[in-house]
Amino acid sequence: SERVWGRQSVPAIMLRSDMVDIGDRGTPAERQQVNDFNMDDDNGMVRAFWPYWYQVISAANAAISGAESLGLPEDEINPLIAEARFIRAFSYYHLVRNFGDIPYIDFFITDPNTVIGISKTPAADVYASILADLEFAKQWLPDQQPSDVRSRATKGTAASYLASVHLTLHDYQQAYDEAKWVIDNRDIFNYSLEPDFQNLFRAEMADDLTETIFSLDFIYPKSP
């Protein structure tokens, strides 16, 4: 979706980091606010991606609840639950880095009244839940998905994001351990560096890149 992977959520993450900074103060005010950590509640960037991330989280929670209700053996159902828990962690990881304390929902909402008075969860608790989801995903996801598609998470994907989260939290040894584990098992996950870095930006090669750890298919609006 463009609201997430176009000019909204991804630039917001970058503007909140030390990767980029607003150079031209003639740019729209919504971007300047994100960059300056001073967002109004009607900020256009936030209004675009905030509800979309929570839609993704709701879908993940629905999948987890439905899977758990089937009563199937762990080895049969947990890999699917792990995939949904990875997506939930992935979503909250983007939100918590942008906003800090946020509402955290980890159950399927069947009655809107159960969350009508929900308030913010401390960022530290959100990160703890993200790590728990990623640890579960690392345990139960497969080494590779069918046809080695990179738009579905694997053990390597989960471990890579564990490294990223630990790095964000300044847990450097844990970040190193997870990253090293991925590198040491790169053949199992079919990971390798591209000989030409530019290949990562050639769309026609995207489906065959073994350097990709996790990918998303971009849905763009088509002309009438």
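In this predicted model, the count of aromatic pairs comes to 17. One of them joins F86 and Y161, whose ring centres are 5.6 Å apart. The planes of these two rings stand at 75°, so the pair is edge-to-face, an angle over 60 being the requirement for that label. F86 belongs to helix α5 and Y161 to helix α7, so the pair ties together parts that are 75 residues apart in sequence.

**Helix α5**

- Helix α5 covers residues 74–99 and consists of 26 residues.
- From its first C-alpha to its last, α5 reaches 35 Å, which is close to the 38 Å expected at 1.5 Å a residue.

**Helices α5 and α7**

- Helix α7 spans residues 155–168, and its axis comes within 11 Å of the axis of α5.
- The two axes cross at roughly 25°; because angles under 35 degrees count as roughly parallel, α5 is roughly parallel to α7.
- The crossing of α5 and α7 is left-handed.
- On the side of α5, the contact is made by F86, F90, Y93 and R97.
- On the side of α7, the residues in contact are T157, A158, Y161, S164, V165 and T168.
- Six residues of this contact between α5 and α7 are nonpolar, three are polar and one is charged.
- F86 and Y161, the edge-to-face pair described above, both take part in this contact.

**Helices α2 and α4**

- Helix α2 (residues 9–16) packs with helix α4 (residues 44–68) at an angle of about 110°, and their axes are 9 Å apart.
- Because angles of 65 to 115 degrees count as roughly perpendicular, α2 is roughly perpendicular to α4.
- The crossing of α2 and α4 is left-handed.
- S9, P11 and A12 of α2 meet M45, F49 and W53 of α4.
- The contact of α2 with α4 includes five nonpolar residues, one polar residue and no charged residue.

**Helices α2 and α5**

- The axes of α2 and α5 come within 9 Å and cross at roughly 45°.
- The crossing of α2 with α5 is left-handed.
- From α2, the contact draws on S9, A12, I13 and R16.
- From α5, the contact draws on H94, R97, N98 and F99.
- Three residues of the contact of α2 with α5 are nonpolar, three are polar and two are charged.

**Residues in two contacts**

- R97 of α5 takes part in the contact with α7 and also in the contact with α2.
- S9 and A12 of α2 meet residues of α4 and also contribute to the contact with α5.

How values were computed:
Residues numbered from 1 in each chain as written. Predicted model: local features only at pLDDT ≥ 70, side-chain atom pairs only at ≥ 80, totals over all residues. Heavy atoms only, no water. Helix = DSSP H or I, 4+ residues; strand = E, 2+ residues; numbered from the N terminus. Expected span 1.5 Å × (residues − 1). Axes fitted to C-alpha atoms, helices over the stretch in contact; angles between N-to-C directions. Parallel < 35°, antiparallel > 145°, perpendicular 65-115°, else oblique. Left-handed = near helix turned anticlockwise from the far one by under 90°. Contact = heavy atoms within 4.5 Å. Nonpolar A, V, L, I, M, F, W, Y, C, P; charged D, E, K, R; others polar. Phe/Tyr/Trp six-rings, centres within 6.5 Å; stacked < 30°, edge-to-face > 60°.
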